[in-house]
Structure formats: structure tokens, C-alpha cells
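Okay, thanks everyone, I'll keep this short.

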Amino acid sequence: MSALLASFTRHLPLPIRTFTSPLRSMSQPAWKTFAPAPAPKPFRLALVQMLGSTDKDYNLKHARELILKAAKGEDKKSDVVVLPECFNSPYGVKYFPEYAERIDFVPGKPYDVSKSPSKTVQALSAVAKEAGVWLIGGSMPEKDDEGLYNTAMVYNPSGDLVTIHRKVHLFDIDIPGKMTFKESEVLVGGKKLTYFDTEFGRIGLGICYDIRFPEQAIIAAHQGCVIMIYPSAFNMTTGPMHWELLQRGRAVDNQMYVSMCSPARNLDADYHAWGHSMIVDPYGNIVGSTDEKESIVYGDIDPQKIVDMRAGIPVRSQKRYDIYPNLTESAVVGQWAVC
């Protein structure tokens, strides 16, 4: 494994260089140095494409059943289980205030799940511990004193809430004759990018619309993440257009794994999810996918594929930072929520 780590880190970007250009002369905060990523190891990922309802208690109960099933796996146990965006509530601006819960998580400070004001947090913590898996709890409407957020939660196999990700880029679109949606009518955008460290590597986290902004995945790859995972809910307009394309594009551009986990399609709901939860490898190949129905997608994440891709097509060492800015250098200090 030490050889794999050495090979993996050898193909991470070279140290930031100093250069002169009109863009570089602008005031840009220095890039913050983070701890080295854990040694990457193969692991099994499971995406729970869950069919939800308007009943939060039912959604939590059903999520528990599917998480336990996903953790058990088909032929071997899963290591990471992912729920979809807004798994415990309907997706829609009119529902967010009603279904929102306080979490009161502060990065870097101890969090007592037993005293959490969120029953969703308590339920997911319990099932993560019962299943003995890392659990990305999809996302849920979260409220605090500053407003409402679309928030993903991460639990370790002991049931500890280790970090949260508040959706950074809000889904505000207007496609004439097809789709209009404005999360910003009720939600506030998050202010941090997020990754978390596990015993098998570093994982980057975003939510749905975040995938359309390549900078987030670029920075994650620079920080040693083996995969970007996005709990998501594309619809019947954006799904056919870009669901697969965006995942394969982010994977190839950054030579890393990318995955999106969708709700199952519920035609009785106001919002019809595209489904088709998917895992893509660094070559842009689809490792696992499904249709629109409730199901579980399994896939093996193999860090050696990242090493091989970056060695064969070494774009990361061929970056021309002498003629364009290094995105990681110009990122805002403190932009990452690190557990």
C-alpha cells in the first residue's frame, strides 16, 4: 500500500510556482496547506436511489431499511453508503421551511448526537453505527439563525456526525417552456467546500447543482480526494441533457471518480427526479448505474485506476500556470470544512 500511496501522490500537482501575469497581479489570498490525504485503498460504494414521500417519519424508516440493505451488499459489504438529495422531504421551495431541522453542528467542535435537535441526525447516526459504514446522509433542509440551507451530513461507522456540507451553488434556472426553479427564494448558499478523511482515502462532497461548477472538483482533486460524491436531484429536463455528461466530464477532467445519487422518480410528486444514480471512474467509464426506479447501485472504487490514468495522461504536471492562474492558489483561505 505504501507503493500505491507513493505513486498516487507523485501524480498530484507540483508545488505552486510564482509567475507574473495580469491576472496574477490581482490581490489573491494564499492557498492554505492541509494535512496530507490518507493512503488510498479500494472500497465499495453503494448509492441508495430511494423513493420518498411527504411523510418524514416514513422516509426515515424507509431510509434505514435501504441503508442496511445497501451496507450488506450483493456479494460483499459496502464501505460507504449514500442517500439522495432531500431524502427526508419532498424537493421544492414550498416544502423546505416546513421540513427544515436545526443541526447546530460546528466544525472542529465535539458534537453530541444524543442531544441533537434533529431527529434526522439521530436516526442516521443510529443506522450508520448499526450498519458499520460511512454514511453520506443525502441532504435535508437545515435551519439556523441565518436562514435555511440544503445540507448533506456525513457519519462514520461509529455513528459520529463528522462534517456537513451546505449546498454552495443554489439551483436557480429558467429554461423557457420547460423548467423554472429558484432555490434562492428560500435557501441560503453554503460558504465552504467540503471533504472528509476515511480509512480508505479522502472524499469530496457536493450537492447536485454544485457539479456544474468545475472549480469545486478541481480543488478536491488537488487536495487528494479519490472521488467527488454529489447527492442530487436532477429533473426530467436537466437529467436527459446533462446528468451523465457532467459526471463523465468531471471524472475525466480531474482523473478521479465521480458519483451522483438521485431519488427514485415519483410521478405523484410535484418534482419528478431523473433517477439514474451513477458511478464513473477516472477514465469516464460508467462503473454502475440504474434506471428511474427505486434501487441500489454498487461500485468498487479502485485508487490504482487514478494512478494509472494520471501516469498515462499526465495533464496535472502539464498545467500552464505561467499563462493562467492556479485555481487552488486563488481559492479563499478557510474555504474547506475539514473533519
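So, one aromatic cluster here takes in Tyr91, Phe96, Phe171, Phe181, Tyr209, Phe213 and Tyr271. Keep in mind that this is a predicted model. In total, the structure holds 13 aromatic pairs.

Let me start with Trp134 and Phe196, which make a stacked pair, with 5.6 Å from centre to centre and 25° between the planes. What I like is that this pair links distant parts of the chain: Trp134 is in strand S3, residues 134–136, while Phe196 is in strand S9, residues 193–198, and the two are 62 residues apart. Are these two buried or exposed? Trp134 has a relative accessibility of 7%, so it counts as buried. Phe196 is at 0%, so that one is buried as well.

Now back to two members of the cluster, Phe171 and Phe181. Their ring centres are 5.4 Å apart and the planes sit at 35°, so we call this pair tilted. Phe171 is in the loop between strand S6 (161–166) and strand S7 (172–175), and Phe181 is in strand S8 (residues 179–182), so the pair ties together parts 10 residues apart in sequence. Both Phe171 and Phe181 are buried.

One more ring before we move on. Tyr149 has the charged end of Arg166 sitting over it, 3.8 Å from the ring centre.

Okay, the packing. The largest nonpolar core has 43 residues, and Phe43, Leu45, Val80 and Ile227 have the most contacts inside it. Which strand gives the most to this core? That's strand S11, residues 225–231, with 6 residues. If you click on Ile227, you'll find that it touches Phe43 and Leu45, and its other contacts include Arg202, Ile203, Gly204, Met256, Tyr257, Val258 and Ile301. There's also another core lying apart from the largest one; it has 30 residues, including Ile67, Ala71, Phe87 and Leu135.

You'll find Asn88 in the loop between strand S2 (80–82) and helix H3 (96–99). Its relative accessibility is 0%, so Asn88 counts as buried. And what does Asn88 touch, leaving out residues up to four places away in sequence? Among its contacts are Lys56, Asn59, Leu60, Tyr99, Glu101 and Thr120, plus the run of Ser139, Met140 and Pro141. Take Ser139: it is 51 residues from Asn88 in sequence, yet the C-alpha to C-alpha distance is 8.0 Å.

Notes
Residues numbered from 1 in each chain as written. Predicted model: local features only at pLDDT ≥ 70, side-chain atom pairs only at ≥ 80, totals over all residues. Heavy atoms only, no water. Phe/Tyr/Trp six-rings, centres within 6.5 Å; stacked < 30°, edge-to-face > 60°. Helix = DSSP H or I, 4+ residues; strand = E, 2+ residues; numbered from the N terminus. Buried < 20%, exposed > 50% of the residue type's maximum accessible area, 1.4 Å probe, protein only. Lys NZ or Arg CZ within 6 Å of the ring centre and 35° of its normal. Contact = heavy atoms within 4.5 Å. Core = buried A, V, L, I, M, F, W, Y, C linked by side-chain atoms within 4.5 Å.
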